[in-house]
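Here is a briefing on one protein model. Keep the sequence and the 3D view open while you read.

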Amino acid sequence: MQEMNQTDRMDGSAGISVRRAVREDIPELIRLLYQVHRVHSNGRPDLFRAGEKKYTEGELGEILADGTKPVFVGVLNGCVAGYAFCILRQQDSRSMTDIRTLYIDDLCVDEELRGRRIGEQLYRYVLDFAERSGCHNVTLNVWACNPAALRFYEKCGLSVQKIGMEQLLPASRR
């Protein structure tokens, strides 16, 4: 796999650079993780605990050190404005083709900076990384309680691969 430079892409019009995240980015990653979690806990309080985040500081350090879990940050005016947490996966199944996938585990743009094409820059960077890494596709999941994210991903060119469904049981509706 070809490794990317610290700053591979710059959007001249918006001043956005995208690079691999480093340990020094952890406080900003945590701030943004809280924003994403708030969207999910507001939309599905039955599944997400309010006031939490997906990863601890220690888990973030482990993720950043793991070459199979690249994390990219969009930087605007020297500050982290968004991130993309990714996971490289190799298909290992008798019944399916042997492909390499880059899964986007989480993509976030600071809620105060949305509309500045930061998310698009991050996504294009992820696509370039996946292509250079020999991936067949890029995949992600999006929660139904986040229609803005669904529209964003469709605008980026993603299409439905599979659909996860649920039925809440009467006891869980209390």
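The model is predicted. Strand β5 (residues 100-109) is largely enclosed by the rest of the structure, because 9 of its 10 residues are buried. Strand β4 (residues 79-90) pairs with β5 and also with β3. A search of the whole structure finds 9 salt bridges.

**Strand pairing**

- β5 and β4 run antiparallel to each other and pair over 9 bridges.
- Within this pairing, Cys86 stands opposite Ile104 of β5. Gly82 has Val109 of β5 as its bridge partner.
- β5 also pairs with strand β6 (residues 137-140), this time in the parallel sense, over 4 bridges.
- Ile104 has a bridge partner in β6 too, namely Leu140. Between β5 and β6 the chain passes through helix α3 (residues 118-132), and this β-α-β crossover is right-handed.
- β3 and β4 pair in the antiparallel sense over 6 bridges.
- The hairpin of β3 and β4 has 2 residues between the strands. In this hairpin, Asn77 takes a positive phi near 55°.

**Helix α2: one buried face**

- Helix α2 spans residues 57-65, and its buried residues include Leu60, Gly61, Ile63 and Leu64.
- Why do the buried residues of α2 line one face of the helix? Seen down the helix axis, they fall within an arc of 165°, so they line one face.
- Glu62 and Ala65 are exposed on the other side of α2.
- The buried residues of α2 pack against α1, β3 (71-76) and β4.

- Gln35 sits in helix α1 (residues 26-43).
- Is Gln35 buried or exposed? Its relative accessibility is 7%, and the cut-off for buried is under 20%. Gln35 therefore counts as buried.
- A polar atom of the Gln35 side chain lies 2.9 Å from the backbone nitrogen of Glu111.
- Leaving aside neighbours within four places in sequence, Gln35 is in contact with Val109, Asp110, Glu111 and Arg114.

**Salt bridge Arg31–Asp110**

- Arg31 and Asp110 form a salt bridge, with the closest N and O atoms 2.6 Å apart.
- Which parts of the chain does this pair tie together? Arg31 lies in helix α1 and Asp110 in the loop between β5 and α3, so the bridge joins parts that are 79 residues apart in sequence.
- Arg31 counts as partly exposed, at 30% relative accessibility. Asp110 counts as buried, at 7%.
- Glu28 belongs to a network of salt bridges with Arg31 and Asp110.
- Asp110 is also among the contacts of Gln35.

**Salt bridge Arg44–Glu166**

- The side chains of Arg44 and Glu166 form a salt bridge at 2.4 Å, N to O.
- How many residues apart in sequence are the parts that this pair ties together? Arg44 lies in the loop between α1 and α2, and Glu166 lies in the segment after α4 (147-156), so the parts are 122 residues apart in sequence.
- Arg44 is buried, with a relative accessible area of 15%. Glu166 is exposed, with a relative accessible area of 52%.

**Salt bridge Glu120–Arg117**

- The side chains of Glu120 and Arg117 meet in a salt bridge at 3.1 Å, N to O.
- Glu120 counts as buried, at 14% relative accessibility. Arg117 is exposed, with a relative accessible area of 51%.

**Points to take away**

- β5 pairs with β4 in the antiparallel sense and with β6 in the parallel sense.
- Ile104 has Cys86 opposite and Leu140 as its bridge partner in β6.
- The loop between β5 and α3 holds Asp110, which forms a salt bridge with Arg31 and is in contact with Gln35.

Methods: Residues are numbered from 1 along each chain as its sequence is written. This is a predicted model: local features need pLDDT of at least 70, side-chain atom pairs count only at pLDDT 80 or more; totals for chains, interfaces and linings use all residues. Side-chain values use heavy atoms; hydrogens and water are left out. Buried means under 20% relative accessible area, exposed over 50%, partly exposed in between (1.4 Å probe, protein chains only). A polar contact is a pair of N or O atoms within 3.5 Å; within protein, one must be able to donate a hydrogen and the other to accept it, and residues adjacent in sequence count only if both atoms are side-chain atoms. Contact means heavy atoms within 4.5 Å. Two strands pair if DSSP finds at least two bridges between them. A crossover is right-handed if, with the strands pointing away from the viewer, the path from the first strand over the helix to the second runs clockwise. The arc is that of the directions from the helix axis to the C-beta atoms. A salt bridge is a side-chain nitrogen of Lys or Arg within 4 Å of a carboxyl oxygen of Asp or Glu.
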